[in-house]
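Here's a quick briefing to read with the model open beside you. Take it one topic at a time and find each piece as you go.

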Amino acid sequence: MVMRIVEIVVSPIIAFVIGIFLLGLSRKIMARIHWRYGPPITQPVIDIIKLFNQTSMSHGRLFNLGIILSLAGSMVVVLFLPIGKLHPLSGSGGLLVILYLMLFGPLGIALSGGEAANPNTSIGISRTLVLALGYELPLILILLAVMSHYRSISIVEIVRAQQETHWSLLSFPLVVPGIAYLLILPAILGERPFELIKAPQEISSGPMVEYGGKYLALATIQHAFSSFISIALFVNLFLGGSSNPGFFIMKVIVVFVVEVLINAVFPRLRIEQAIRYLWRWPALIAFAGLILVYIFKR
Amino acid sequence: MSIEILLIVAFGGAFLTYFLGKISHILRDAFAVLLSCALIAFISYFYGKDIERPLYVGFLEMQLLLRLNTLSWFFAITVSTVGTLSIIFSLSYIRQREKTDFYYFMMLLVNASMLGIVLSGDLVSFYIFWEIMSWSAFLLISYNRGPALAAGMKYIIMSVIGSIGILIGILSIYTTCGTIHMTQIAAQLTAASSRYIIFIIITFSVGFGIKSAMVPLHTWLPDAHSQAPSPFSAVLSGILIKMGTYGFLLIMYVIVGMKLFLGLGSGLFSVNYILCFLGAVTAVIPTFIALLQNDAKRLLAWHSIGQIGYIIMGITLGTSLSIAGGIFHLLNHAMFKALLFLTVGAVEYRTGGVRDLNSLGGLIKRMPVTFTAALVGALGIIGVPLTNGFVSKWLIYKSLILEQHPFFAFAAFIGTWGTLLSFYKFLHNMFLGQLPEKYKDVEKAPFSMQFSMIIFSIVIILTGILPGIPLKVINAIQTSFGFGPLHITIWGIISETGTINMVNIFFALIGACVIVWLIFRAGPKATKITQDNNYAAGAAIPKDRYHYTVDFYNPLYRMIAPFLRDFVDEFYMRLAKWIQGLGNGVRRIYTGDVGYYVIYIILFLAVLIFIQMKWSIW
């Protein structure tokens with residue numbers, strides 16, 4: 001019981017620290033690729049502390065509630081997601097629950113931003129949801145391939161099965177959906193070339209435009225959480241998770257760095273180009289993967 | 001107390017309401033509400049009882065009987081709850097309109113006939129109540145006149161075709177089995193050939209498929225739901241189309257029986273997989289058509305079809321989990337879709353009949369309770385955790401994945417994403433964003449409307465956190481069909497393949513919310529500003545509309561719209577036009593001039609004489 005409570009406290013803290021670290025790391029790597037020196041790796045932390053002490057403005061109850069719900073939802077996802085051996089609540093629901101709890105993040109921000117009458121926010125949210133539909137289509141196919149292959153909807157079971165045999169990414173039919181996941185990961189993270197949701201030059205950072213002060217701080221923390229979650233999901237499903245939180249975190253960081261290195265050189269896509277890309281190659285590969293899994297049933 | 005009193009009260013009360021309305025409106029309203037509440041009380045009293053009683057013996061020497069078991073109790077309580085709350089909502093919604101006596105009479109009659117359907121124990125009384133329901137629904141759909149008349153006509157034509165299907169099925173069963181009692185038929189059909197059973201299922205499926213609006217028999221629904229008065233749309237979408245699903249459950253698992261039904265055909269071509277496939281199509285395509293709609297009620301109507309797809313998938317897949325999911329989703333859909341129609345009704349009532357999603361906006365400032373209700377309903381239909389929709393969808397997904405139907409599961413998931421997109425649009429375009437100048441003084445919804453909406457919202461959240469309450473009844477239903485029981489607890493389901501515990505998820509979310517809220521509170525207090533303050537940065541903003549609503553998902557629309565025409569409806573309409581053309585052609589023969597008729601007769605005789613002379617047949 002005590003162990004359980006410790007796990008419940010520790011898991012979100014790990015996710016928070018690593019998520020923030022990833023944000024700083026991505027800015028640093030991006031800067032080096034651009035031949036700049038770049039900000040210190042702790043810059044996001046400095047930003048959050050600074051923002052938290054600034055004054056802010058609010059549009060009403062939903063404006064506050066949405067952002068709280070968004071961050072709270074992301075924190076809860078971490079409790080269901082195995083980080084090494086830490087998975088305090090995974091007994092209360094499996095992968096399907098994770099998939100649905102991940103909705104709280106974008107939905108909370110969408111509801112909160114909606115209360116402000118700012119067309120830039122609305123355009124940003126419209127893009128968020130369309131892009132989400134874009135990457136969810138291959139993502140669902142990928143998750144279904146994994147769940148059908150292991151005949152389980154429990155993420156802990158899936159991790160255990162991989163530790164008994166080998167990583168999904170290195171086993172035959174599942175390598176195909178694994179590649180598809182790598183192709184859509186930048187879209188899930190909202191990194192280049194899919195940073196069209198914020199697109200500061202076009203729509204003044206979209207859903208974030210009405211946020212200032214502590215609201216922006218909470219939104220940044222939420223972004224850190226969701227970055228961690230989408231990579232941790234990949235590590236759990238395809239890289240065999242880990243029995244040790246330390247190794248797990250290393251895997252997360254490696255995947256993130258590879259992703260940033262590849263994608264830093266791309267320019268931003270327009271939303272319809274993004275959808276067209278996501279529904280063409282990743283979706284086709286994921287679909288092929290699902291068919292292969294269906295054919296090569298264990 | 002016996003169950004025929006229930007029906008006598010329901011039908012008698014409906015007639016009495018009409019005549020009370022002639023005396024006093026207040027008396028009528030009070031009586032209608034009391035009657036509906038009394039029906040709920042009556043039905044709750046019958047919880048857990050198993051009754052079968054002859055109703056009337058003399059009908060063509062056939063015995064009509066009433067039967068109450070867990071299945072019919074479950075449907076009866078759903079019908080009476082949604083019916084009552086819609087009546088309460090109607091109190092203010094319909095007050096200013098004309099023919100209100102007729103409206104209440106028909107509302108109560110529809111509810112009474114639905115109770116009759118679920119309580120009848122033989123096919124003839126089932127059919128009689130079915131027809132009462134169909135026709136009284138027709139009168140209510142056409143209540144608004146204008147385009148509603150055409151919508152009602154479309155509905156009743158399709159409904160009659162469906163009824164003919166059901167009638168053929170009943171006649172065929174009566175001639176083969178010689179009985180109309182459901183239980184006796186079930187006993188006799190075990191010996192029937194599988195070809196005959198497929199025939200029976202097809203004839204009934206036409207009727208039930210049309211009523212439950214399964215693709216490709218759905219085309220009446222978008223018009224009918226959007227044109228009917230809103231409280232009746234709630235009944236229509238919440239429970240009336242569920243009578244079709246009740247019919248499916250009845251024919252599949254009560255009359256034909258689970259073993260026989262699941263054994264029809266083989267492999268991918270077995271009957272239940274074909275129905276499941278139709279369910280998957282129904283879950284995806286209508287949902288994405290809904291995304292393109294600009295009329296709030298039409299959007300909801302298309303989603304009704306989409307959600308029926310999930311229910312059909314659940315009940316036709318045929319495992320304990322999937323049946324439980326399908327039946328639970330049916331209950332949940334009744335709750336959240338009725339609620340959503342009521343919220344649109346409230347907005348419509350306060351804005352003078354506007355439900356165009358491109359001209360509303362910002363109503364959260366004026367109608368906060370209505371917004372909260374709409375939010376709860378939308379979260380329910382998306383299936384966000386802590387609402388009932390999540391649990392039922394979870395059951396359906398899980399059974400589809402574990403039964404190795406990943407493609408059906410894919411349809412279910414992608415349908416959910418379509419639902420999320422269109423319900424964000426629904427909320428955003430109506431309640432969020434800029435409040436237009438002309439709605440600056442809109443008042444909040446009247447008490448009777450708020451009451452119904454709040455009750456529905458509470459039910460959605462409560463059964464979402466404690467799904468064990470309805471699942472206990474549902475478990476009893478599916479064990480009565482012959483499926484293995486599920487391990488239900490008050491907070492969810494325990495199973496080896498995946499446990500779900502909604503209470504834990506609830507506390508985790510609440511805990512996280514409290515922590516984030518404390519952090520939020522610790523920061524400096526935010527200043528409250530007007531909506532356009534930040535956007536305009538203190539400058540004057542244009543007076544006209546700048547709420548981003550038209551073509552909300554524009555890039556997506558451009559990509560998917562060409563594929564999302566309602567081809568089925570176009571086909572039916574062309575068929576109807578063709579038949580009309582044929583009728584016109586035939587009519588041209590009858591000119592009304594006696595001279596022509598004389599010529600026709602002479603020509604006809606000439607042909608006869610010619611034939612006789614040539615071949616001498618006679």
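**Starting with a helix in chain B**

In helix H1 of chain B, the buried residues are B:Ile3, B:Leu6, B:Leu7, B:Ala10, B:Gly13, B:Ala14, B:Thr17, B:Leu20 and B:Gly21. Keep in mind that this is a predicted model.

**Helices of chain B**

- H1(B) covers residues 3–23, which makes 21 residues. From its first C-alpha to its last it reaches 30 Å, close to the 30 Å you'd expect at 1.5 Å a residue.
- Helix H4 of chain B runs over residues 100–119 and has 20 residues. At 1.5 Å a residue it should span 28 Å, and its end C-alpha atoms are 29 Å apart, so the two agree.
- H4(B) is mostly covered, with 17 of its 20 residues buried.
- H16(B) has 26 residues and reaches 37 Å between its first and last C-alpha, close to the expected 38 Å.
- How many of the 26 residues of H16(B) are buried? The count is 25, so this helix is largely enclosed by the rest of the structure.
- Just after H16(B) comes B:Gly433, which takes a positive phi of about 75°.

- Three strands of chain B form an open sheet in the order S3-S4-S5, with antiparallel pairing.
- S3 (487–489) and S5 of chain B stand at the edges with a single partner strand each, so one side of each has no neighbour in the sheet.
- S3(B) is joined to strand S4 (residues 492–494) of chain B by three bridges, and the two run antiparallel.
- To see one of these pairings, find B:Ile488: its bridge partner in S4(B) is B:Ile493.

- B:Leu221 sits in helix H9 of chain B, which covers residues 221–227.
- Is B:Leu221 buried or exposed? It has 26 C-beta neighbours inside 10 Å, so it counts as buried.
- Setting aside neighbours within four places in sequence, B:Leu221 is in contact with B:Ala213, B:Ala301, B:Ser304 and B:Ile305.
- B:Leu221 and B:Leu317 are 96 residues apart in sequence, and their C-alpha atoms are 25 Å apart in space.
- B:Tyr253 belongs to helix H10 of chain B, residues 230–262. With 24 C-beta neighbours inside 10 Å, B:Tyr253 counts as buried.
- Not counting residues up to four places away in sequence, B:Tyr253 touches B:Met258, B:Phe261 and B:Phe481.
- B:Tyr253 and B:Ser480 are 227 residues apart along the chain, yet their C-alpha atoms are separated by 9.2 Å.

**Domains of chain B**

- Chain B is divided into domain 1 (277–522) and domain 2 (567–615).
- The C-alpha centres of these two domains of chain B lie 54 Å apart.

**Chain A as a whole**

- Chain A has 12 helices and one strand. Along the sequence, its pattern reads α-α-β-α-α-α-α-α-α-α-α-α-α.
- The radius of gyration of chain A is 19 Å, close to the 19 Å that the globule rule gives for 298 residues, so chain A is as compact as a globular protein of that length.
- The C-alpha trace of chain A spans about 55 × 50 × 40 Å along its principal axes.
- Of the 298 residues in chain A, 60% are buried.
- Take the contacts in chain A between residues at least 6 apart in sequence: 80% of them join residues at least 24 apart.

**Where the chains meet**

- On the chain B side, 57 residues are in contact with 58 residues of chain A.
- Several elements of chain B each supply at least two residues to the side that touches chain A, including H15 (388–402), H16 (406–431) and H19 (502–522).
- That side of chain B divides into 37 nonpolar, 16 polar and four charged residues.
- Strand S1 of chain A, residues 57–58, is joined to S6(B) by two bridges, and the strands run parallel.

How values were computed. Residues numbered from 1 in each chain as written. Chains lettered and ligands numbered in written order. Predicted model: local features only at pLDDT ≥ 70, side-chain atom pairs only at ≥ 80, totals over all residues. Helix = DSSP H or I, 4+ residues; strand = E, 2+ residues; numbered from the N terminus. Rg over C-alpha atoms; globule rule 2.2 N^0.38 Å. Buried ≥ 20, exposed ≤ 12 C-beta atoms within 10 Å, placed from the backbone. Contact = placed C-beta atoms within 7 Å. Domains from an automatic or database assignment. Nonpolar A, V, L, I, M, F, W, Y, C, P; charged D, E, K, R; others polar. Pairing = 2+ DSSP bridges. Expected span 1.5 Å × (residues − 1).
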